[in-house]
Amino acid sequence: MDPAEVMWIGCGWLIAVNAAGFVIFGYDKRCAVEHRWRVPEKTLFLTALLGGSVGSYVGMVVFRHKTRHWKFRVGIPAIMLLQCAGLIGVLYS
């Protein structure tokens, strides 16, 4: 596979998973307000771990959701920093 194709597939993945992270945080906030079944915390973290940490963090801030929970306040930014460090490492190796 051509490196340019891999780059486009990777960019597409990151756009999709970050959009999903943002939407999932918004959906979970709505479910919380309406007292409905919630999205499991594992799913929220898994979305961030799969590359959607930026979208998840933006969703936290925009929807003001999970911002009082220390594991989200610390965990999502920590995942984002590790992913950025990994990306920098890949780009400059």
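Mentor: Begin with the elements: helices (H or I, at least four residues) and strands (E, at least two) are DSSP runs, numbered from the N terminus. Read along the sequence, this protein follows the pattern α-α-α, with three helices and zero strands. The model is a predicted one, in which local features need pLDDT of at least 70, side-chain atom pairs count only at pLDDT 80 or more, and totals for chains, interfaces and linings use all residues. Residues are numbered from 1 along each chain as its sequence is written, and side-chain values use heavy atoms, with hydrogens and water left out.

Trainee: What overall dimensions does the C-alpha trace span along its principal axes?

Mentor: The trace spans about 50 × 25 × 20 Å.

Trainee: How does one check the length of a helix?

Mentor: The expected span of a helix is 1.5 Å times one less than its number of residues. Helix 1 has 31 residues and should therefore span 45 Å; its end C-alpha atoms are 45 Å apart, which agrees.

Trainee: What share of the residues counts as buried?

Mentor: Buried means under 20% relative accessible area, exposed over 50%, and partly exposed in between (1.4 Å probe, protein chains only). Of the 93 residues of the protein, 28% count as buried.

Trainee: Which residues of helix 3 are buried?

Mentor: They are Phe72, Gly75, Ile76, Ile79 and Met80. These residues cover an arc of only 130° around the axis, which puts them on the same side of helix 3; the arc is that of the directions from the helix axis to the C-beta atoms. On the other side of helix 3, Trp70, Val74, Leu81 and Leu82 are exposed. The cover over the buried residues of helix 3 includes helix 1 and helix 2.

Trainee: Which residues of helix 1 are buried?

Mentor: In helix 1 the buried residues are Val17, Asn18, Gly21, Phe25, Gly26, Asp28 and Cys31. Helix 2 and helix 3 are included in what covers them.

Trainee: Which residues does Phe25 touch?

Mentor: Contact means heavy atoms within 4.5 Å. Not counting residues up to four places away in sequence, Phe25 touches Leu44, Ser56, Gly59, Met60, Phe63, His65, Lys66 and Phe72. Phe25 has 1% relative accessibility and so counts as buried. Phe25 and Gly59 are 34 residues apart in sequence, yet 5.4 Å apart in space, C-alpha to C-alpha. For the whole protein, among contacts between residues at least 6 apart in sequence, 65% join residues at least 24 apart.

Trainee: Where is His65 found?

Mentor: His65 is in the loop between helix 2 (41-63) and helix 3 (70-91). With a relative accessible area of 5%, His65 is buried. Its contacts, not counting residues up to four places away in sequence, are Phe25, Asp28, Lys29, Ala32, Arg38 and Met60.

Trainee: What should one look for in the backbone angles of a loop?

Mentor: Most residues other than glycine have a negative phi. Arg64 has a positive phi of about 45° although it is not a glycine, and Phi of Lys66 is near 65°, also a positive value in a residue other than glycine. Arg64 is exposed, with a relative accessible area of 67%, whereas Lys66 is buried, at 10%. Just after helix 1, His35 takes a positive phi of about 55°.

Trainee: Which residues make the nonpolar surface patch?

Mentor: Like charges are joined within 9 Å, and nonpolar side chains (Val, Leu, Ile, Met, Phe, Trp, Tyr) within 5 Å. Here Trp13, Leu14, Leu46, Leu49 and Leu50 make a nonpolar patch of about 500 Å², the area coming from the Shrake-Rupley method with a 1.4 Å probe, where for residues only the protein chains shown count as cover. Helix 1 (3-33) and helix 2 each give two or more residues to the patch, and helix 2 gives the most, with three residues. Trp13, in helix 1, is partly exposed, with a relative accessible area of 46%.

Technical notes: Patch = residues over 30% accessible without salt bridge, like charges linked within 9 Å, V, L, I, M, F, W, Y side chains within 5 Å. Salt bridge = Lys/Arg side-chain N within 4 Å of Asp/Glu carboxyl O.
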